Amino acid sequence: MHRHRSSLGALLHHVHVSGPLSRAALAMRMGVNRSTILALTAELVAAGLVGEQPPSGTTGAGRPSLVVRPSPRFFVLAFDVAVDRLTAARVGLGGTILDRRSAPRSRIGVDLETVVRKLVSLGRSLIDAAPPAAVCVGIGASYCGMIRPGDGMVRYGPELGWVDQAFGAELAEALDLGLPVAVGNEAHLGAMAEHERGAGVGVPDLIYLHGDVGVGGGILVGGKLLGGDAGYGAEVGHMLVNPVDGRACLCGSQGCLEAETGEYALLAAAGRAPGPSGADAVRAVARDAVTGDPAAARAVAEIGDWLGIGVANLINLFNPGVVIFGGMLRDVYEAAAPQVAARIARHAMPVSRERARLRLSALAGDATLLGAADLGFAALLADPLRTPALR
Ligand SMILES: [Zn+2]
């Protein structure tokens, strides 16, 4: 791509992930001089993508470096298809969730058509509620399954029982906004979002683990998502940890990490029924474990043990700077940190683990949604002045 246009995208990307930045800070981050920043900013201001203003708290003395801020007038629709819940949000340039809608969803009878119809209804209501001047520049979606890059085909979503469903194409057609829908795996997107604006900022080698009913993984190597040969890499939930007497996994195997650490394993170990919301049930066990309920404490310790074995394997394989626990694993890890730490100390090699930090997801329930939003913004950030909405 033309170098000038990619510089425009780079500048916009900086203010999109970091928020308002002075021209001086932008010049430093991009390694260009201030007159280049001035020219690039002028073009983005003319397109309405950014605004400039004096920094707050400055008085008349001298000429302070103007602050460049992204315009929230430009937004994307971000969708999150989790096992129990559908979420849609209007996310502004700058990564701010401006408005959101969600709907609980039964685990039974979750066909493509029903999911698309519900998402379209949530999306339409967001568009209807948007200010008249607001412009939709992209659409991104997070899905709890294996996604074919390029066309958003759900190849395999064991939790919903989906095989080869044209989710991205069907959603784009039903929304009818003249924009494609970029779809990604929830844990891949969570990893990217935590790296851009969460617990993994500045850490190019990180592992994000996302617990829903299953366990997903997103692995960044040198700042790039590990996709594998065809985009289906980092299925850490199906790493074999207990081949001898492991629980049956939805994938057809047994003793997978997700079979031993997912929602069903935790609730079964605690002797509890899933109830209408798996997330609430998991949270309740984690909370009760901390406050001294013996059955909950035993269940959390058991699950924490398997989680620690999985993380120890990942640390030996990838030598990550940070391992981030997201989704329901955020609650599980909070309660089971001692078991996880003990397994890592026992099974991960000292040299592999000496710099690895374990962190809770900073974006919490929004990690996958914000990752989906960034997929929606990708075209705009790649070439800001050529986005369809601006032509
Ligand atoms: Zn499995």
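Q: In which helix does Leu-44 lie?
A: Helices are DSSP runs of H or I with at least four residues, strands are runs of E with at least two, and both are numbered from the N terminus. Leu-44 belongs to helix 3, residues 34-46. The model is a predicted one, in which local features need pLDDT of at least 70, side-chain atom pairs count only at pLDDT 80 or more, and totals for chains, interfaces and linings use all residues. Residues are numbered from 1 along each chain as its sequence is written, and side-chain values use heavy atoms, with hydrogens and water left out.

Q: Is Leu-44 buried or exposed?
A: Relative accessible area decides this: buried means under 20%, exposed over 50%, and partly exposed in between, with a 1.4 Å probe and protein chains only. Leu-44 has a relative accessible area of 0% and is therefore buried.

Q: With which residues is Leu-44 in contact, leaving aside neighbours within four places in sequence?
A: Contact means heavy atoms within 4.5 Å. On that basis Leu-44 is in contact with Leu-8, Leu-11, Leu-12, Leu-49, Val-50 and Pro-384. As for separation, Leu-44 and Gly-9 are 35 residues apart in sequence, and their C-alpha atoms are 9.5 Å apart in space.

Q: Which residues touch the most other members of the largest nonpolar core?
A: A nonpolar core is a set of buried Ala, Val, Leu, Ile, Met, Phe, Trp, Tyr and Cys residues joined through side-chain atoms within 4.5 Å. The largest one has 42 residues, and those touching the most other members are Leu-11, Leu-12, Val-91, Leu-206 and Phe-377. Helix 13 (residues 367-382) supplies the largest share of this core, 8 residues. There is also a second, separate core of 41 residues, with Ala-281, Val-282, Val-285 and Ala-289 among them.

Q: What does Leu-206 touch, not counting residues up to four places away in sequence?
A: Leu-206 touches Ala-191, His-195, Gly-200, Gly-218, Ile-219, Leu-220, Pro-320, Val-322 and Ile-324.

Q: Which residues coordinate the zinc ion?
A: Donors are N, O and S atoms within 2.8 Å of the metal (3.2 Å for Na, K and Ca); water is not among the atoms, so sites may look incomplete. Here the zinc ion is coordinated at 2.0 to 2.3 Å by ND1 of His-238 and by the SG atoms of Cys-249, Cys-251 and Cys-256. The sequence spacing of these donor residues is H-x10-C-x1-C-x4-C.

Q: What geometry does the site of the zinc ion have?
A: The ideal angle at a metal with four tetrahedral donors is 109.5 degrees. Four donors count as tetrahedral if all angles lie between 85 and 135 degrees; four count as square planar and six as octahedral if opposite donors are over 155 degrees apart and all others between 65 and 115, and anything else is irregular. The angles among the 4 donor atoms of the zinc ion are 106 to 119 degrees, and the site is tetrahedral.

Q: How many aromatic pairs does the structure hold?
A: A pair of aromatic rings is described by the distance of the centres and the angle of the planes. Rings of Phe, Tyr and Trp (its six-membered ring) pair if their centres lie within 6.5 Å; planes under 30 degrees apart count as stacked, over 60 as edge-to-face and the rest as tilted. The structure holds 4 such pairs. One of them, Phe-325 with Tyr-333, is stacked, at 4.1 Å centre to centre and 5 degrees between the planes. Ring pairs also link Tyr-143, Trp-162 and Phe-167 into a cluster.

Q: Where is Tyr-333 placed?
A: Tyr-333 is in helix 11, residues 328-347. Its relative accessible area is 11%, so Tyr-333 is buried. Not counting residues up to four places away in sequence, Tyr-333 touches Phe-325, Val-340, Leu-358 and Leu-360.

Q: What is the phi of Ala-234?
A: Phi of Ala-234 is near 65 degrees, a positive value in a residue other than glycine. Ala-234 is found in the loop between strand 14 (224-225) and helix 7 (257-261), and counts as buried because its relative accessibility is 14%.
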